[in-house]
Amino acid sequence: MKRITLLIVILLLTPFFSLADSIKNVAITAIVEHPSLDQIRDGVKDELVESGYKLNDDVHVQYKSAQGSSATAAQIARQFVAAKPDVIVAIATPSAQATAAATKQIPIVFAGITDPLAAKLIKNWEASGTNITGVSDYQETGPQIEFMQKIVPGVKSVGYIYSPSEINSTIVLKNLQVLLAKQNITLIAVPAQRTADISTAANTLKGKVDLIYTTTDNNVVSAYEALVKFANENKIPLLASFPDAIERGAVAAYGMSYYDVGRQSGKLVVRVLKGEKPGEIVPEIGQTLRLVLNTEAAKKQGVTLSPEVIQSAYKVINQ
């Protein structure tokens, strides 16, 4: 009788365990919350849905932000590893580095990493053979300088605010130093270790630069409104390498949509969920660059956008 009862219990529980085992778990972490990184997260989730997964049904997605703290990023990484999800999506360099340090087994898909080689996430642009793959937001610096010259013809000096602790920002700095010097354009680079330092850093550029160029430095993006306020008050054009900056008050941006980066990263996540090993998936770079303009910001920051520039834009707001 006991054996029959035990058999019935096993039979009743078997479908439950099979169903539970079929549910996929995706853990997403970002170093901080701001529009660009949030769009990556949303793009990943939308790609899961587009690929046939039902959120909170056959795939569970957990998200945690480190709120700008590297120590918190490491703590989140350890928590995620302990939970053993099917894949961890790490958005921005500090979170990706923390996650990579926490596990060599659980699949990791990095997203929005400017230079994954310098960050020591991968050794080259081939399949890593490890538990890591992902999508980089790397952009060649040459076209960015051409973009600056198109928006501000005759530019002689460029301001650049950056976080010394962010590899993505220091890589851009090195490239700017080399290429701007070749064109006899002065670069004034100002370090800002914390979000609270952005306004002070901006003030040191007053009267010294023809434009301020911004990338997806997490501290800078988190305090972007303060930078916009400074640019408006001092008639200094604010340019960016990421389109999301336009809605927040930059004059012009030339770069890739971070939502598209999220969708592209999501495709890699789906491949991992379907059984591919991340070490066999070649890392990718964001594919589409777009010029977007804000005519109202141009007026406030004292720059005239030529008809040719406006006509060449993918999108123009506040016309």
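Helix α6 (residues 167–182) lies across β6, β7 and β8 and runs at about 165° to β6. Helices (H or I, at least four residues) and strands (E, at least two) are DSSP runs numbered from the N terminus. Axes are lines fitted to C-alpha atoms, for helices over the stretch in contact, and angles run from 0 to 180 degrees between N-to-C directions. Keep in mind that this is a predicted model: local features need pLDDT of at least 70, side-chain atom pairs count only at pLDDT 80 or more, and totals for chains, interfaces and linings use all residues. Residues are numbered from 1 along each chain as its sequence is written, and side-chain values use heavy atoms, with hydrogens and water left out.

Now for the sheet. It's an open one of 7 strands, ordered β7-β6-β8-β9-β10-β12-β13, with mixed pairing; two strands pair if DSSP finds at least two bridges between them. At the edges sit β7 (186–191) and β13 (315–317), each pairing on one side only. On average, neighbouring strands of this sheet are turned by 20° against each other, direction ignored.

Follow β12 (residues 289–294) and you meet both senses of pairing. With β13, β12 pairs in the parallel sense over 3 bridges, and N294 has I317 in β13 as its bridge partner. With β10, β12 runs antiparallel, joined by 5 bridges; here G255 is partnered by R290 in β12.

Another helix, α5 (residues 141–151), packs on the sheet too, touching β6 (157–162), β8 (211–214), β9 (238–240), β10 (252–256) and β12, where contact means heavy atoms within 4.5 Å. The direction of α5 makes about 160° with that of β10.

Next, a helix pair. The axes of α3 (residues 70–83) and α4 (residues 93–102) come within 8 Å and cross at roughly 45°. α3 and α4 are therefore oblique to each other: angles under 35 degrees count as roughly parallel, over 145 as roughly antiparallel, 65 to 115 as roughly perpendicular and the rest as oblique. On the α3 side, S70, A73, A74, A77, R78 and V81 meet P94, S95, A98, T99 and A102 of α4.

Last stop: Q301, in the loop between α12 (295–300) and α13 (307–312). Q301 is buried, because its relative accessible area is 0% and buried means under 20% (exposed is over 50%, partly exposed in between; 1.4 Å probe, protein chains only). Leaving aside residues up to four places away in sequence, Q301 touches V228, A231, N232, K235, I236, P237, L238, G249 and V251.
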